[in-house]
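Please open the model in your viewer and keep the selection panel at hand.

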Amino acid sequence: MAKKPKWVIEKEQAKRASAAETVWLFGLHAVRDALMNPRRDKLRLILTPNAAEKLTDAVEASGMTPEIHDPRKFGAPLDPGSVHQGAALEVKPLDWGRLEDVALSGEGALRLVLLDRVTDPHNVGAILRSAEVFGAQAVIGTRHHAAPETGALAKTASGALERQPYLRERNLADTIVALQKMGYLVLGLDGEAEQTIEEALEGRREVPVALVLGAEGPGLRPKTKETVDALVRIDFARDFGSLNVSNAAAVALYAARA
């Protein structure tokens, strides 16, 4: 029997590792929404008596039997700084399916948010909330150099992680090209850009639009800038530097609405 190439073995190992991966969600909001989400694989639930009382309906809906822990000896393996409010739930990461299925599903003008090296889970959580509010099809990061699904991300997303698709693709430039082939107009946000979002979308608000945002400081990578259809900026009333990336995502989604 022919020996498998090293890359095939590594790919299979990575797939097995990601299948075995679990995430601890914490906080009443994040845990409640995960318990109510039929798509979510739920493994272990730890609650204090007080949190169990507050989550009675969600626990019943999930069919899970919680472990009740004394608040002083809360046994979930969380970071000591985590504000868990007496609720922690071990889950499998969500699988939202293929890029093309997610990107082309939905009514009306399609909108996506792409993230170029945005690694802070609090920023990504806040971006998921904005994406849900403005009806974006998905938020898309990369498998490396992007915030993975974590308890901190879920807590900042305040439930949006359960409802708002968050995909992580292998390569951002390849993802941009794939979206362009699907008919998306891909706009990269850059403070130095000559045109505003509104100017770039003049007469084209009904087309599918993907907005690409980079991390604060470094911004978009050169390869990303080369690949997008156009670079655009948010129009500021005064010159005071740049917005935090999660605020920029909210403003950009509002500016790009149909």
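The stops below concern a helix, the nonpolar cores and several salt bridges.

This is a predicted model, in which local features need pLDDT of at least 70 and side-chain atom pairs count only at pLDDT 80 or more, while totals for chains, interfaces and linings use all residues. Residues are numbered from 1 along each chain as its sequence is written, and side-chain values use heavy atoms, with hydrogens and water left out.

Select helix α2, residues 28–35; helices are DSSP runs of H or I with at least four residues, strands runs of E with at least two, numbered from the N terminus. Six of its eight residues are buried, so α2 is largely enclosed by the rest of the structure. Buried means under 20% relative accessible area, exposed over 50%, and partly exposed in between (1.4 Å probe, protein chains only). The buried residues are L28, A30, V31, D33, A34 and L35.

Next, select L128, L187, I197, L211 and L213, which touch the most other members of the largest nonpolar core, a set of 54 residues. Helix α12 (residues 245–255) supplies the largest share of this core, six residues. A nonpolar core comprises buried Ala, Val, Leu, Ile, Met, Phe, Trp, Tyr and Cys residues joined through side-chain atoms within 4.5 Å.

Then display E149 and R40, whose side chains form a salt bridge (2.7 Å, N to O); the term requires a side-chain nitrogen of Lys or Arg within 4 Å of a carboxyl oxygen of Asp or Glu. E149 is buried at 13% relative accessible area, and R40 is buried at 3%.

Finally, select D116 and R221, which also meet in a salt bridge (2.7 Å, N to O). D116 lies in strand β5 and R221 in the loop between β10 and α11, so the pair ties together parts 105 residues apart in sequence.
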